[in-house]
Amino acid sequence: MYEKQQLNGAYYGPSIPPPRSSHRPSRGGGFGCCCGCLFNLIFKLILTVIIILGIAVFLFWLIVRPNVIKVHVTDATLTQFNFTKNNTLNYNLSLNITIRNPNKKLGIYYDYIEARTLYHDVRVDSNFIDPFYQGHKTTNVLNTLFKGEKVVLLGGDQSSDFNKEKSLGIYEIDVKLYLRVRFKLGAIKTRKIKPKVTCELRLPLTSGDGGSTVNGAFKPTKCDWDR
């Protein structure tokens, strides 16, 4: 009996604990979850800002309906454009440039206006035009004169183009406008921006006795905003 009691006591002893798992939880699991949540939050914020800006731009366009400023050279007179010795160019060019603001609610401050003349990408002269404010749906006429002499060095192709144009009596001269402008909507004024305008002109050489045309008349030319 004593031996059986010993056996029964051993048989009904404490239960054996289950074996431990060898898999250990990743130490970086919580950090990865936090990074994912953070990136997701940043993405949502950026998307929300883009949507809000898009709606604001659309509402601005819907209310203001901005239109592109229109620039034309309406009149141009070239009475002198010839080379003398030592590559000296004598020139006399007067221009009338019209700027039209077609917008009903936007005014424009022209804080800086520089007009440059170029002959086949070679700079000839530049003038500065007085700043002004342009109201809604108004047109302003800018008058400028390029006159003088300057040493201008032309390459082989440019010299060939000059000889061809001289024989025709019509010269291809570009006028570029370098601007600093601000827009005004009610009491709100924008920061200055620096657009550029290019006017590609075909100018007939005219006589100097009152401007009678020798080789055809100048045709008003639309100018393009540089992109």
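A residue counts as exposed when its relative accessible area is over 50%, as buried when that area is under 20%, and as partly exposed in between. These terms are applied below to a predicted model.

The protein chain contains three helices and 11 strands. Read along the sequence, these elements follow the pattern α-α-β-β-β-β-β-β-α-β-β-β-β-β. Of the 227 residues in the chain, 30% count as buried. The accessible surface of the chain comes to about 15,900 Å², and carbon and sulfur atoms supply 58% of that area. Among contacts between residues at least 6 apart in sequence, 69% join residues at least 24 apart.

Four strands form an open sheet, arranged in the order β6-β2-β1-β10 with antiparallel pairing. Strands β6 and β10 (221-222) lie at the edges, since each of them pairs on one side only. Strand β1 (70-84) is joined to strand β2 (residues 88-101) by 13 bridges, and the two run antiparallel. Within this pairing, V71 stands opposite I99 in β2. Strands β1 and β2 form a hairpin with three residues between them, and N86 in the turn has a positive phi of about 60°. The pairing of β1 with β10, also antiparallel, extends over two bridges. Here H72 stands opposite K222 in β10.

Helix α3 covers residues 156-168, a total of 13 residues. The distance from its first C-alpha to its last is 19 Å, close to the 18 Å expected at 1.5 Å a residue. Which residues of α3 are buried? They are Q158, F162 and E165. Seen down the axis of α3, the buried residues fall within an arc of 70°, so they line one face of the helix. On the other side of α3, G156, D157, K164 and S167 are exposed. The buried residues of the helix are covered by elements that include β1 (70-84), β3 (107-119), β4 (122-129) and β7 (170-185). Just after α3, G169 takes a positive phi of about 80°.

Aromatic side chains form nine pairs in the structure. One of these pairs joins F81 and Y171, with 5.0 Å from centre to centre and 55° between the planes, a tilted arrangement. This pair links distant parts of the chain: F81 belongs to strand β1 and Y171 to strand β7, and the two are 90 residues apart. Both F81 and Y171 are buried. Another tilted pair is made by F162 and Y171, whose centres are 5.9 Å apart and whose planes form an angle of 35°. Both of these residues, F162 and Y171, are buried. F162 is also among the buried residues of α3. One aromatic cluster is formed by F81, F83, Y119, F162 and Y171.

Backbone angles were also examined in two loops. Most residues other than glycine have a negative phi. Where does D121 lie? This residue is in the loop between β3 and β4. Phi of D121 is near 70°, a positive value in a residue other than glycine. The relative accessibility of D121 is 68%, and the residue therefore counts as exposed. K137 also has a positive phi without being glycine, with a value near 50°. The position of K137 is in the loop between β5 (132-134) and β6 (138-151).

Definitions and conventions: Residues numbered from 1 in each chain as written. Heavy atoms only, no water. Expected span 1.5 Å × (residues − 1). Buried < 20%, exposed > 50% of the residue type's maximum accessible area, 1.4 Å probe, protein only. Arc of directions from axis to C-beta. Contact = heavy atoms within 4.5 Å. Areas by Shrake-Rupley, 256 points an atom, 1.4 Å probe, with all protein chains shown as cover. Pairing = 2+ DSSP bridges. Phe/Tyr/Trp six-rings, centres within 6.5 Å; stacked < 30°, edge-to-face > 60°.
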